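The following exercises are to be worked with the sequence and the coordinates at hand. Each task is followed by a solution in steps.

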Amino acid sequence: MRGVPYLGLLLMSAGPALGVEGAWVVNGPSRVRLVSPYAAAVAGELRLGLHVRLERGWHIYWKNSGDAGYPPAVTLVGAGVSGGRLLWPAPRRFDLPGGLVAFGYEDEVVYPLRARLAAAGAGMVELTADVDYVVCEVDCIPYRAQLALVQPLAEEAAADARTAPLLARWEARVPRAVEAVAGVETGGAIVREDDGAAALEVWFDGVEPAPVGTGLFFAPQDDFELGRPRARATEDGVAWRVPLAPLLAGRPLPERAELAWTVTGLRRDGRLPALEARREVGLGGGADARSGRRSSGVPLAGRRGLWLVLVAGLLLNLAPSVLALRLAQWSGGGPGGGRRGATAEAAGTLVAVAGAAALAPLAGHPPLDGSWGPPIANPAVSALLAVLTLALALDLWGMVGLPLAGPHAAPGRKDLTLLRRRAVTGAWAALLALAWTPPWLGLALAASELPARLAAAALLALGVALPGFVFAWWRRRRELRAGAGAAEPAPRAALQQALGFLAAAGVVWLLHLLARRVGREALAGVELALLGLALCAWLGHRARRGGMLRIALRLGLLACALAAPWLAFQGQL
């Protein structure tokens, strides 16, 4: 019996901790509940949170839901409680089938909720919340939930050790007003592109972008249809160009409008929180939204030194598909050609990277969203790179014969033919490397001005080609030590086979990228095209006779190689 009072005290002390976490309400792929950061609350502002967890692949919405769904709505009720305003953590962008776009959160989110508590003291207050929300995967499903929470009250506030850090973490993601950050300015204007189309120019001065996670989002408005923002560096910070059209077809653009925007992933003496601003924008008329505003000519995230692009090019040689090509070249005696061969290879690398940099803005470079992969956003490019990567793997397995320089190439080539092969090898290596570019490097190759893009391309190409010069120098020293006419070691077939599997890892990576940019049917079609390409190569390798069969298989190879990027283009989200 003496233990009963202690048991009662234990239960009383456990009550507030249990009360500040409401019960989960399960709706299909979602679970929602109310949480409070207080073990005991006092009169005044009442901080709460709407906690949502989602199954993999589903998302819920921001205050601007985009082209689908709608944001959550909450009605909060409790004795002495008023208000119930939702705050909105910075979102991410979701590309949906049919070219639609949405803004919101995946996996988990806590929407901070603000209310007022009229009076407090010892006791409890029961809170209920009616919540309407939508979750989407491919299809969208609306739900309604009735949530409950028992909030302990006291004369002095006390934080809960478990829920207070959870809510604080999501409150930190709520954007701050740009005016609260010294040295940072923002503005916008409606401008005209060279072709006469309207665009919105938004700039932030006094900042630089973080390597990943930079994005621009707009609050709901009734004047414009806004396209996908494209970022560029300026002399003072970062600017975005956003395609613009009237919300109602045939209606002229307003002379002035008030817009609110949120930006993520900026830095100023360290990473900044998400920032938001509301500005009145008007027609600026020219191609630049502000007199004297020019692109810096320095790649985003490379403004502290273009040498980072050079280092990145050097490190891209460690990407699995590029590394497989390099090791295949250098196994045995190496590709040959000496410094002339290395120079030819570097020239091929430069042409390939410069071509990609020149085409990147035309083909739709993605915004600063933290995504790795080719600097050209069009999924057809990723599918084409997958074809080139698979072709390398098939070449290493001895099923096809690519015009590449290396010990597996046909012997007895003249110098000019060898140099051509070295140039093709350099271009091939560069294209394989582009499949693994980090986000900031991709943006460097899609800078707004052609000279800046070509400068970044030259440095990247030099980094990718540098191992070829080092190997040429090492091979020359080895020849001088061994004497002229020394036999070169023969490449081992087992090594070539293993390198083929290493190269095939690049195909898996590119299919992973495509899964986020094309529909499921299109992805399945691309995979079937790649399998068909491999099957035609294997049958051609096994065929003992020429004639119509080999011609048919070569046509099949070509058809599959062309089908993969075409299917990706047709099925892009």
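**Exercise 1: A salt bridge between helices**

Glu 345 is buried, with a relative accessible area of 2%, where buried means under 20% relative accessible area, exposed over 50%, and partly exposed in between (1.4 Å probe, protein chains only). The model is a predicted one, in which local features need pLDDT of at least 70 and side-chain atom pairs count only at pLDDT 80 or more, while totals for chains, interfaces and linings use all residues. Residues are numbered from 1 along each chain as its sequence is written, and side-chain values use heavy atoms, with hydrogens and water left out.

Task: Determine which residue forms a salt bridge with Glu 345.

Solution. Step 1: apply the criterion, a side-chain nitrogen of Lys or Arg within 4 Å of a carboxyl oxygen of Asp or Glu. Step 2: the partner is Arg 326, with the closest N and O atoms 2.6 Å apart. Step 3: locate both residues; Arg 326 lies in helix H4 (residues 320-330) and Glu 345 in helix H5, so that distant parts of the chain, 19 residues apart, are linked. Helices (H or I, at least four residues) and strands (E, at least two) are DSSP runs, numbered from the N terminus. Step 4: Arg 326 is buried as well, its relative accessible area being 1%.

**Exercise 2: A network of charges**

Task: Identify the salt-bridge partners of Arg 114 and state which residues join into one network.

Solution. Step 1: a search of the whole structure gives 15 salt bridges. Step 2: one of them joins the side chains of Glu 45 and Arg 114 (3.7 Å, N to O). Because Glu 45 belongs to strand S4 and Arg 114 to strand S10, this pair ties together parts 69 residues apart in sequence. Step 3: Glu 171 also forms a salt bridge with Arg 114, at 2.9 Å between the closest N and O atoms. Glu 171 lies in helix H2, so this pair ties together parts 57 residues apart in sequence. Step 4: Glu 45 counts as partly exposed at 45% relative accessibility, whereas Arg 114 is buried at 14%. Step 5: shared partners join Glu 45, Arg 47, Arg 114 and Glu 171 into one network.

**Exercise 3: Aromatic pairs**

Task: Classify the ring pairs Phe 103 with Phe 217 and Phe 218 with Trp 261.

Solution. Step 1: rings of Phe, Tyr and Trp (its six-membered ring) pair if their centres lie within 6.5 Å; planes under 30 degrees apart count as stacked, over 60 as edge-to-face and the rest as tilted. Step 3: Phe 103 and Phe 217 are edge-to-face, at 5.8 Å centre to centre and 85° between the planes. With Phe 103 in strand S9 (residues 100-106) and Phe 217 in strand S18 (residues 215-218), the pair ties together parts 114 residues apart in sequence. Both Phe 103 and Phe 217 are buried. Step 4: for Phe 218 and Trp 261, the ring centres are 6.3 Å apart and the planes stand at 75°, so this pair is edge-to-face. Phe 218 lies in strand S18 and Trp 261 in strand S22 (residues 256-264), 43 residues apart. Phe 218 and Trp 261 are both buried. Step 5: ring pairs link Trp 62, Phe 103 and Phe 217 into a cluster.
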